[in-house]
Amino acid sequence: MPNIVTRAIFGLLYVAVILFCSLYSPISLLIMLGVFLALCLFEIIKILDFDNKFYILATLLASGYLFYTYASDFYFAAGGYRLQLVTILPAFLFLIALFIIFKRPDELAYDSSKLIFSVVYVALPFGLIMSTVRNFEVDNFQMMNAVIGLFILLWSSDTFAYLTGKYFGTRKLSSISEKKTVEGLIGGIFFTIIAGIILNYNIPQMRGNWIVIAIIVALTAPIGDLAESKLKRIFGIKDSGNLLPGHGGFLDRLDSFLTSSVALYLYFLFI
């Protein structure tokens with residue numbers, strides 16, 4: 001089966017799962033996010049190649065507790081987080097994780113560092129996105145539609161960056177990944193903002209603005225893509241996994257989700 005056909009089939013299945021779980025009920029949404037987190041943790045643990053199994057167990061337990069805490073707040077509709085030092089701290093920790101990837105990868109040589117990095121880089125964004133989605137709700141606005149909107153923006157960024165880069169790309173964007181081009185970056189940003197404009201006039205009842213959200217996603221999604229590429233280069237692998245034929249692993253698909261989730265969390269804190 002040609003790679004483009006395989007990519008399309010599994011891409012559609014992936015989209016169908018997200019649409020169904022996001023729209024069916026809050027429980028199905030939480031189950032979906034929990035499964036995605038578990039698969040991403042499986043891949044990051046494999047990439048980092050822990051020496052001691054105790055640290056693997058500690059990573060899973062810490063990530064599970066973090067997810068449970070945010071999921072409980074989401075499900076029971078706890079009050080939104082206010083702008084305080086303690087609520088900014090998660091985003092600050094994530095920025096440190098990105099700094100380690102790009103500037104201090106030698107820090108990932110120790111199991112203790114790998115444990116903290118895995119929890120902050122992978123598990124934390126899954127928790128923050130639940131806090132973010134809860135802040136979307138105004139009056140009778142359906143939070144599930146907000147989740148779909150966020151994924152539409154992420155898909156627009158990834159898809160159009162890939163297509164414009166593939167068919168029009170000539171200038172390499174970064175030495176981290178030879179396949180990424182300046183044209184692909186511009187195309188991804190442009191069409192993501194267009195998607196945001198469309199969403200803004202179709203899902204207007206919300207706290208925040210879809211156009212602003214689209215700009216945030218358009219600018220931060222490529223950073224997540226580059227961070228994942230850099231991480232794979234550090235550890236000498238091509239894909240994070242093979243669970244999505246034609247796409248690689250779940251980290252390959254959700255790398256932009258990680259950075260965008262943290263950025264959107266900050267956006268809703270400040271507004």
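The structure holds six salt bridges, a salt bridge being a side-chain nitrogen of Lys or Arg within 4 Å of a carboxyl oxygen of Asp or Glu. This is a predicted model, in which local features need pLDDT of at least 70 and side-chain atom pairs count only at pLDDT 80 or more, while totals for chains, interfaces and linings use all residues. Residues are numbered from 1 along each chain as its sequence is written, and side-chain values use heavy atoms, with hydrogens and water left out.

**Overall architecture**

- The protein chain has nine helices and two strands; helices (H or I, at least four residues) and strands (E, at least two) are DSSP runs, numbered from the N terminus.
- Along the sequence these elements follow the pattern α-α-α-α-α-α-β-β-α-α-α.
- Of the 271 residues in the protein chain, 50% are buried; buried means under 20% relative accessible area, exposed over 50%, and partly exposed in between, with a 1.4 Å probe and protein chains only.
- Among the contacts in the protein chain with a separation of 6 or more, 73% are between residues 24 or more positions apart, where contact means heavy atoms within 4.5 Å.

**Salt bridges**

- The side chains of K232 and D252 form a salt bridge with an N to O distance of 2.8 Å.
- This pair links distant parts of the chain, with K232 in helix 8 (residues 210-234) and D252 in helix 9 (residues 250-270), 20 residues apart.
- K232 is buried because its relative accessible area is 11%, and D252 is likewise classed as buried at 13% relative accessibility.
- Salt bridges that share partners join R104, D106 and E107 into one network.
- D106 counts as partly exposed, given its relative accessibility of 46%, and R104 counts as partly exposed at 36%.
- A salt bridge of 3.0 Å, N to O, also brings together the side chains of R171 and E183.
- R171 lies in the loop between helix 6 (143-168) and strand 1 (172-174), whereas E183 belongs to helix 7 (residues 182-200), so the pair ties together parts that are 12 residues apart in sequence.
- E183 has a relative accessibility of 15% and therefore counts as buried.

**Packing of helix 2 and helix 3**

- The axes of helix 2 (residues 26-48) and helix 3 (residues 53-75) come within 11 Å and cross at roughly 160°; axes are lines fitted to C-alpha atoms, for helices over the stretch in contact, and angles run from 0 to 180 degrees between N-to-C directions.
- Helix 2 and helix 3 are therefore roughly antiparallel to each other; angles under 35 degrees count as roughly parallel, over 145 as roughly antiparallel, 65 to 115 as roughly perpendicular and the rest as oblique.
- The crossing of helix 2 and helix 3 is right-handed; a crossing is left-handed if the near helix is turned anticlockwise from the far one by less than a right angle, and right-handed if clockwise.
- On the helix 2 side the contact involves P26, I27, L29, L30, L33, G34, L37, L41 and I45, which meet I56, T59, L60, S63, F67, A71, F74 and Y75 of helix 3.
- The residues of this contact comprise 14 nonpolar, three polar and no charged; Ala, Val, Leu, Ile, Met, Phe, Trp, Tyr, Cys and Pro count as nonpolar, Asp, Glu, Lys and Arg as charged, and the others, Gly among them, as polar.
- D49 is found in the loop between helix 2 and helix 3, and has a positive phi of about 55° although it is not a glycine.
- With a relative accessible area of 52%, D49 is exposed.

**Packing of helix 4 and helix 9**

- Helix 4 (residues 85-103) and helix 9 pack at an angle of about 150°, and their axes are 10 Å apart.
- Helix 4 is thus roughly antiparallel to helix 9, and their crossing is left-handed.
- Helix 4 contributes T87, I88, P90, A91, F94 and L98 to the contact, and helix 9 contributes L258, T259, V262, Y265, L266 and L269.
- The residues of the contact of helix 4 with helix 9 are 10 nonpolar, two polar and no charged.

**Surroundings of I193**

- I193 is found in helix 7 and counts as partly exposed at 24% relative accessibility.
- Leaving aside residues up to four places away in sequence, I193 touches A214 and I215.
- The C-alpha atoms of I193 and S157 are separated by 8.9 Å, with the two residues 36 residues apart along the chain.
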